[in-house]
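Please look over the structure shown here together with its sequence.

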Amino acid sequence: MNVIELKNISKTYRKGLRARKVPAVVNLTFSVKKNRVTGFVGPNGAVKTTTIKMITGLVRQSSGTVKINGIESFNPQSRQGVSYLSEQPCFYGHLTVNEALGFAANLLGISGKRIGSEIDRVLDIVEMAEKKSVKVKELSKGMQQRINMAQALLGNPHAMVLDEPMSGMDPPGRKLFRSIFTELKKQGVTVFFSTHVLDDIEAICDDVIVLSKGELVYDGGVMDLLDTGRLGMEMVVFGTVKDEMESLNEIGCSVTEKNNNSIVFVPKDKDYKLVQHLLFSKGKSFVSVKSTSESLQDLLYHNPQKQYVEHEL
Amino acid sequence: MKTVLTIASNTFKETVRNKVLYNILLVAGAALFLSMSFGDLSVFSRTQVMTDFGLATMSLTGLLLAVFIGAGMLGSEISTKTVYGILTKPVSREQFIFGKFFGLVSTLLLNFALISLVFFIAITLMGADVKISIMDAVVLLAVEMSVIVSAAIFFSSFTTPTLAAIFTIGFYISGHLNDLVDIGTKQQESVIWQTVLKFFYFLLPNLEHFNIRSRVVYDLPVPPDFVTGVFCYGVLYTILLLLLSSMVFSRKDL
């Protein structure tokens with residue numbers, strides 16, 4: 001089942017004195033599956049934020065439909081149980097952390113008795129319990145983003161839409177957010193988040209949606225995408241393989257030596273089991289055998305043969 | 001309703017902590033103090049001058065509050081993106097507009113209550129009675145200001161804070177000059193001009209209806225039906241403007 005569904009979405013802005021039509025999003029169709037963590041990537045200007053705003057009802061599409069839980073996104077009921085985290089923390093300057101979260105909890109319809117314990121729960125998750133009485137505007141950007149995450153966790157949402165949640169975070173903050181995502185994944189919460197950090201996608205996401213210039217260029221599993229960039233198998237063998245070099249070269253393998261070990265690389269179009277069998281039969285033992293593939297970064301932005309996105313980050 | 005009250009309460013806290021409010025109250029205090037001195041210089045009694053000044057001060061501070069806070073309200077919510085934190089929750093744009101309105105009107109009422117308190121104490125200290133008609137005048141002023149606040153919110157739903165402030169002042173002035181538009185319509189011979197002027201006469205509210213200051217000052221009777229009628233007129237106009245604001249704001253990309 002899909003939590004978020006975009007069907008043939010287009011968005012056109014009008015610019016200049018003559019109100020010239022400028023297309024931002026062109027016929028975009030994708031969906032976010034329930035109970036999965038989906039990454040949303042693309043270079044600057046790929047209209048990720050505009051797309052997220054259409055999902056959250058902040059911007060209305062020029063054509064097509066955006067549905068959340070089967071309800072049109074401009075209907076406020078579609079956001080029941082769905083939380084949002086903006087790239088820039090946006091709290092009222094006159095409120096303390098406790099007041100800001102209390103305000104958000106009231107808007108979510110959390111009952112008065114539960115608000116206090118709910119605020120304590122989310123502040124514990126983002127490790128900000130001691131900042132409860134501090135005014136939000138007095139906190140650093142990274143801390144404000146933690147509070148932003150706390151408000152997104154209020155009321156145990158079943159789905160979360162996050163626009164570059166780790167923007168401006170320090171390494172401990174990033175680590176904390178990654179662990180929060182992992183926990184949410186375990187709890188079966190649907191998470192959809194945009195990011196420029198592809199390591200986060202590789203580490204956390206089940207699926208990835210790639211946009212370029214307002215158009216969809218990839219929609220599928222992260223592992224499937226990585227698989228398209230699979231290079232082959234890398235076997236680290238104890239000792240030297242000089243005697244087997246000729247046979248290995250015939251198969252198409254390349255060999256390098258390092259720290260008294262031999263690293264045998266078997267290209268993906270060759271049968272690595274054949275190589276394994278050959279080396280076993282010669283009495284060789286293995287330190288490790290692992291699959292090697294291009295990083296998501298290389299796959300999306302650098303490799304001209306498989307490049308999904310035209311612009312670099 | 002809980003959502004509207006939550007937004008209203010937050011807006012109230014926000015505006016109460018706004019320095020503009022205290023500056024406006026300072027101006028009001030100074031005006032009331034001056035009115036006490038002017039009373040000795042005028043041919044009218046001190047109480048009459050104070051009543052006139054007091055009611056005029058309330059009208060002016062209400063307008064200032066509507067212009068300085070109301071006209072910039074939606075614009076600042078959008079520029080600081082605080083609106084995202086509200087509208088990305090199960091909150092409709094209509095609830096947001098009505099919440100902001102009630103929040104600002106609550107501040108306005110607090111402002112009126114404070115000025116009225118000082119004003120009534122001063123009148124009582126001078127040995128005069130606080131007449132019912134003064135209360136009527138204050139109530140009608142509050143309704144007039146709710147019309148002005150809703151107009152400020154309406155203008156800020158589609159334009160910049162500066163333009164919204166200019167439009168709100170224009171709305172206030174033209175609303176008070178609406179009777180002149182009616183006179184002008186009757187004097188026009190051209191049917192086209194008559195139609196145009198009539199259109200504006202009916203489009204703009206007649207804010208002079210809310211002004212019973214001279215009746216109060218000269219102790220003229222104010223029919224109770226008149227107060228009720230004008231009260232309902234103001235409330236209906238306010239609702240109309242808020243519905244229009246919601247319609248415009250619902251179509252706005254944030």
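Contact here means heavy atoms within 4.5 Å, and axes are lines fitted to C-alpha atoms, for helices over the stretch in contact, with angles running from 0 to 180 degrees between N-to-C directions. Helices (H or I, at least four residues) and strands (E, at least two) are DSSP runs numbered from the N terminus, and two strands are said to pair if DSSP finds at least two bridges between them. The model is a predicted one, in which local features need pLDDT of at least 70 and side-chain atom pairs count only at pLDDT 80 or more, while totals for chains, interfaces and linings use all residues. Residues are numbered from 1 along each chain as its sequence is written, chains are lettered from A and ligands numbered from 1 in the order in which they are written, and side-chain values use heavy atoms, with hydrogens and water left out.

**The sheet S12-S13-S11-S14 of chain A**

- Four strands of chain A form an open sheet in the order S12-S13-S11-S14, with antiparallel pairing; its edge strands, each pairing on one side only, are S12 (254-258) and S14 (286-293) of chain A.
- Neighbouring strands of this sheet are turned against each other by 20 degrees on average, direction ignored.
- S12(A) and S13(A), the latter covering residues 261-267, pair in the antiparallel sense over 5 bridges, and A:Glu257 stands opposite A:Ser262 in S13(A).
- S11(A) and S13(A) run antiparallel and are joined by 7 bridges, with A:Met233 opposite A:Val266 in S13(A).
- S11(A) is also joined to S14(A) by 7 bridges, again antiparallel, and here A:Glu234 stands opposite A:Lys290 in S14(A).
- Helix H9 of chain A (residues 272-281) lies across S11 (230-238), S13 and S14 of chain A, and runs at about 10 degrees to S11(A).

**The sheet S2-S1-S4-S5 of chain A**

- Another open sheet of 4 strands in chain A has the order S2-S1-S4-S5, and its pairing is antiparallel; S2 (20-33) and S5 (71-72) of chain A are the edge strands, each of which pairs on one side only.
- Between S1(A) and S2(A), which run antiparallel, there are 10 bridges, and the partner of A:Tyr13 in S2(A) is A:Val22.
- Helix H1 of chain A (residues 48-55) packs on this sheet, where it touches S1, S2 and S4 (63-68) of chain A, its direction making about 120 degrees with that of S1(A).

**A hairpin in chain A**

- S9 (residues 207-212) and S10 (residues 215-221) of chain A run antiparallel and are joined by 6 bridges, A:Asp207 having A:Gly221 as its bridge partner in S10(A).
- The hairpin of S9(A) and S10(A) has 2 residues between the strands, and in it A:Lys213 takes a positive phi near 50 degrees.

**The interface of chain A and chain B**

- The contact takes 28 residues from chain A and 27 residues from chain B.
- Buried area is the accessible area (1.4 Å probe) that two parts lose on being put together, summed over both; for chain A and chain B it is about 2,500 Å², with 58% of it on carbon and sulfur atoms.
- A:Leu58, A:Tyr92 and A:Leu107 supply 29% of the area that chain A buries against chain B, more than any other three residues.
- There are 16 residue pairs in polar contact between chain A and chain B, both residues being at pLDDT 80 or more; a polar contact is a pair of N or O atoms within 3.5 Å, where within protein one must be able to donate a hydrogen and the other to accept it, and residues adjacent in sequence count only if both atoms are side-chain atoms.
- On the side of chain A that touches chain B, the elements giving two or more residues are S1 (2-15), S6 (82-85) and H2 (97-107) of chain A, and the largest share, 5 residues, comes from H2(A).

**Salt bridges**

- A:Asp120 forms a salt bridge with A:Lys132, their closest N and O atoms being 2.8 Å apart; the pair links distant parts of the chain, 12 residues apart, with A:Asp120 in H3 (residues 112-125) of chain A and A:Lys132 in the loop between H3 and H4 (141-153) of chain A.
- Across the interface of chain A and chain B the rule finds 1 salt bridge; A:Lys11 forms a salt bridge with B:Asp253, the closest N and O atoms lying 2.6 Å apart.

Technical notes. Salt bridge = Lys/Arg side-chain N within 4 Å of Asp/Glu carboxyl O.
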